[in-house]
Amino acid sequence: MRFTLTVFCLIMIALPLAAGQPTVREGGEVFPAKAEINGKSVPFRGGHLLEWWSLDVYTAAFYAPMDTKTYDELLDAKTPRRIVLRYHRSIDAEDIEKATRKGIKKNSNVDRRALEERLKKLYACYADVEEGDEYRIDYDPEARETSIYFNGELSCTIEGEDFAAAFFAIWTSTYALDSEMSESLTGMKQ
């Protein structure tokens with residue numbers, strides 16, 4: 001299973017290269033230079049290798065329009081965006097949930113009661129990750145929903161621009177869990 005998953009991940013990385021699509025390198029990983037979200041092309045905005053106690057955890061890639069100049073514009077209901085988290089080690093779903101809870105709690109602008117049921121749905125989507133696994137999170141402003149993909153397969157879709165703003169803020173806001181990562185992903189100073 002691991003061998004098959006590793007081969008799959010290598011193929012997915014190589015496809016854009018073979019197709020001649022532009023790519024970017026971040027934290028030793030290769031990502032497409034653009035993302036397609038509901039037919040809209042969104043450029044790579046920035047990336048970051050998250051480390052914890054000198055261990056590589058994941059490399060994040062963020063896609064959003066370059067003309068968004070503030071965190072509020074990035075998290076606006078009209079802004080398409082994607083974040084890709086490519087993992088470098090095994091992490092239990094429970095630990096991913098704990099980190100998400102911490103990120104949501106850190107943001108004083110979030111009405112956690114209003115998000116409670118949707119956050120439960122999100123946590124039910126989480127799976128244990130292994131090295132090479134990838135989460136992709138897309139916000140589609142036309143549908144006003146966030147889609148979470150695990151290794152290319154849709155895990156769940158959660159409605160609401162308030163949910164999308166709170167969830168993406170974990171990585172791309174002044175309330176981010178890691179301010180250095182937020183600055184690297186967005187190109188904005190905190």
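**Terms first.** I take helices (H or I, at least four residues) and strands (E, at least two) as DSSP runs, numbered from the N terminus. I am working with a predicted model.

**Entry 1: the second largest pocket.** I began with the elements around this pocket. Which ones each supply at least two residues of its lining? I found the strands β4 (40-52), β5 (55-63), β6 (81-87) and β7 (134-140), together with the helix α3 (93-106). The largest share comes from α3, with six residues.

I then looked up the space inside. The second largest pocket holds about 710 Å³. Its lining counts 26 residues, and I noted those closest to the centre: Leu50, Val57, Tyr58, Asp95 and Ala99. I also sorted the lining by class. I got 19 nonpolar residues, six charged ones and one polar one.

**Entry 2: α3 against α4.** I read an angle of about 160° between the two, with the axes 12 Å apart. Angles over 145 degrees count as roughly antiparallel, so α3 is roughly antiparallel to α4. I logged their crossing as right-handed.

Which residues meet here? On the α3 side I listed Glu97, Thr100, Arg101, Ile104 and Lys105. On the α4 side I listed Arg112, Leu119, Leu122 and Tyr123. By class, I have four nonpolar, four charged and one polar residue in this contact.

**Entry 3: α4 against α5.** I moved on to the other packing of α4. Helix α4 spans residues 112-125, and helix α5 spans residues 161-168. How far apart are their axes? I read 11 Å, at an angle of about 60°.

I wrote down the contact residues. From α4 they are Leu115, Arg118, Leu119 and Leu122. From α5 they are Asp162, Phe163, Ala166 and Phe167. By class, I have six nonpolar and two charged residues, with no polar ones.

**Entry 4: looking back at α4.** I compared my two lists for this helix. Leu119 and Leu122 of α4 are in the contact with α3, and Leu119 and Leu122 are also in the contact with α5. I noted Tyr123 for the meeting with α3 and Leu115 for the contact with α5.

Definitions and conventions. Residues are numbered from 1 along each chain as its sequence is written. This is a predicted model: local features need pLDDT of at least 70, side-chain atom pairs count only at pLDDT 80 or more; totals for chains, interfaces and linings use all residues. Side-chain values use heavy atoms; hydrogens and water are left out. Axes are lines fitted to C-alpha atoms, for helices over the stretch in contact, and angles run from 0 to 180 degrees between N-to-C directions. Contact means heavy atoms within 4.5 Å. Ala, Val, Leu, Ile, Met, Phe, Trp, Tyr, Cys and Pro count as nonpolar, Asp, Glu, Lys and Arg as charged, and the others, Gly among them, as polar. On a 1 Å grid over the protein atoms alone, a cavity is a set of points where a 1.4 Å probe fits but cannot get out, and a pocket is an open set with protein on both sides within 12 Å along at least five of seven lines; lining residues have an atom within 4 Å of a point. Grid points are joined across faces, edges and corners, and a volume is the space filled by probe spheres set on the points. Angles under 35 degrees count as roughly parallel, over 145 as roughly antiparallel, 65 to 115 as roughly perpendicular and the rest as oblique. A crossing is left-handed if the near helix is turned anticlockwise from the far one by less than a right angle, and right-handed if clockwise.
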